[in-house]
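Subject: Structure for you to look at

Hello,

Here is the structure I promised to hand over. Please open it and keep it beside you while you read.

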Amino acid sequence: MARRLTCPYCYETFAPREIRFRCNSRLSRTRKQCQRRRDPVLDERFGRRPSHDVGPDFAADGRKSTAVCPDCDGETTYRICPVCHVELPVQFGMVENRLIAMVGARSSGKTIYMTVLLHEMRHKIGEAFGASLMGLDDTTMRRYSSEYEDRLYRDRQMFPPTQTATTNANRVEPLVFRFGLRRRGLFGERPQHSVLSFFDTAGEDFNSRESVELNTRYLTNADGIILLLDPLQMPGARDSAAPGTALPGEDGIDPPINVLSRVSGMLLAAQGGKAAKVDTPIAVVFSKMDAFWHLMENGSPLRSHAPALGRFDVGDSLSVHEEVRQLLREWDGVPVDQSLENTFARYRYFGVSALGRSATPESRVADTGIQPYRVADPLLWLLSEFGSVPKAGRGR
Ligand SMILES: Nc1nc2c(ncn2[C@@H]2O[C@H](COP(=O)(O)OP(=O)(O)OP(=O)(O)O)[C@@H](O)[C@H]2O)c(=O)[nH]1
Ligand SMILES: [Mg+2]
Ligand SMILES: [Zn+2]
Ligand SMILES: [Zn+2]
């Protein structure tokens, strides 16, 4: 079968030659010029937001990086997704393209985690790894700062529940970044790039089977999954949370095992029952660990930061993995463990705290500020599984 590509914006797949082009509507060599106009496909996708006028789109050999517009004879380098018509990244199809879906129950902390994770990747982690993370398109850059970063870091506010894919009429828009890493090779240092697409789902969508299916495309076409599980939503853990922890409301609470079984059921069904286990690596991340630090010994790996080696530390990650598995036993989470073991060929446990402290009763960041713990570990593990980040130490 020919190689298929997945659009980082709509997660639909297509063959490289199906990529379309968009005329740049500049004055061409033959003194012709295409008018900018509305693109109904883009309008439909970004319905509520006024999308601007763009050059006409046309079909040509999508395996090439340029094409000549049949109307004005102008040469264009704008390649667009044949399904959603969003402009594809430069070098799309040539550099690695990694799509990461983030799933979890309502209020498990996905939006906050994603915001803090990306912030950390752009600052501290980026520095340690010699890596950079840049918004790939104007919308991502604008949205990441105005809808995510400013709200949490500048205004110090929590987020309203993320909108469901249902009311949004499939207009879920991932944030798309270019991740660059300097890697030392035979011929000296050279940068290696991959496209990372983050898709923050609404917890509401994992409450029932029908709504999970809406997210099927995002999950089945993802290269890696970050599953956020909230210990505060596990009966065995909730009672031992530090006093003063803001607890998620109890009505409509969905125990993590239910979310996990719906996600696994869906992924297995999508494989058509062919393989025994799902091959997509899944990082199983326990959020809000700050609520449980008082129960942990001082030497616990969950209380410290991962060593800043500039590589993914396998040994450190495995000790966290075991520690979390141990906690899970105490939290009546044995079914979670069994379900993962039976469904996924590659899974790893993580324990993180995005805020480092519970939010205030007014849903604001605590006065001590945002002090994240181990937020980057799950992403670095996935990147190391993809071969985009080097591993250090022995083990898998
Ligand atoms: N103690 C603690 N609480 C957290 C942390 N991260 C998130 N929370 C709490 O969890 C609440 C929900 O976080 P969100 O990120 O909005 O949750 P979500 O999973 O995106 O929720 P939906 O969009 O409804 O699916 C926040 O308002 C915080 O009160 C953390 O690191 N520590
Ligand atoms: Mg959310
Ligand atoms: Zn043209
Ligand atoms: Zn697309």
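Below is what was found, from the whole chain down to single residues.

**The whole chain**

Keep in mind that this is a predicted model. The protein chain has 396 residues, and 53% of them count as buried. It holds 11 helices and 16 strands. Take the contacts with a separation of 6 or more: 73% of them come from residues 24 or more positions apart. The accessible surface is about 18,700 Å². Carbon and sulfur atoms own 48% of that surface.

Threonine 111 has a relative accessible area of 10%, so it is buried. Threonine 162 has 28%, so it is partly exposed. The cut-off for buried is under 20%.

**Aromatic pairs**

A pair of aromatic rings is described by two things: the distance of the centres and the angle of the planes. The count here comes to 13 aromatic pairs.

Start with phenylalanine 21 and phenylalanine 58. Their rings are stacked, at 6.1 Å centre to centre and with 20° between the planes. This pair links distant parts of the chain. Phenylalanine 21 belongs to strand E3 (residues 20–22) and phenylalanine 58 to strand E4 (residues 57–59), 37 residues apart. Phenylalanine 21 has a relative accessible area of 0%, so it is buried. Phenylalanine 58 is buried too, at 7%.

Next, find tyrosine 144 and tyrosine 148. This pair is also stacked, at 6.4 Å centre to centre and 15° between the planes. The two tyrosines are 4 residues apart in helix H4 (residues 138–154), so about one helical turn separates them. Both tyrosine 144 and tyrosine 148 are buried. They belong to a cluster as well: ring pairs link Tyr144, Tyr148, Phe159, Phe177 and Phe198.

**Two packed helices**

Two packed helices are described by the angle between their axes and the distance between the axes. Look at helix H8 (residues 256–270) and helix H10 (residues 334–343). Their axes come within 10 Å and cross at roughly 10°. Angles under 35 degrees count as roughly parallel, so H8 is roughly parallel to H10.

Which residues meet there? From H8 come Ile257, Leu260, Ser264 and Leu268. From H10 come Pro335, Val336, Ser339, Leu340 and Thr343.

**Two positive phi angles**

Lysine 288 is not a glycine, yet its phi is positive, at about 55°. Find lysine 288 in the loop between strand E13 (282–286) and strand E14 (312–313). Its relative accessibility is 23%, so lysine 288 counts as partly exposed.

Aspartate 332 is not a glycine either, and has a positive phi of about 55°. Aspartate 332 lies in the loop between helix H9 (314–330) and H10. Is aspartate 332 buried or exposed? At 53% relative accessibility, it counts as exposed.

Best wishes

Note on methods. Residues numbered from 1 in each chain as written. Chains lettered and ligands numbered in written order. Predicted model: local features only at pLDDT ≥ 70, side-chain atom pairs only at ≥ 80, totals over all residues. Heavy atoms only, no water. Buried < 20%, exposed > 50% of the residue type's maximum accessible area, 1.4 Å probe, protein only. Contact = heavy atoms within 4.5 Å. Areas by Shrake-Rupley, 256 points an atom, 1.4 Å probe, with all protein chains shown as cover. Phe/Tyr/Trp six-rings, centres within 6.5 Å; stacked < 30°, edge-to-face > 60°. Axes fitted to C-alpha atoms, helices over the stretch in contact; angles between N-to-C directions. Parallel < 35°, antiparallel > 145°, perpendicular 65-115°, else oblique.
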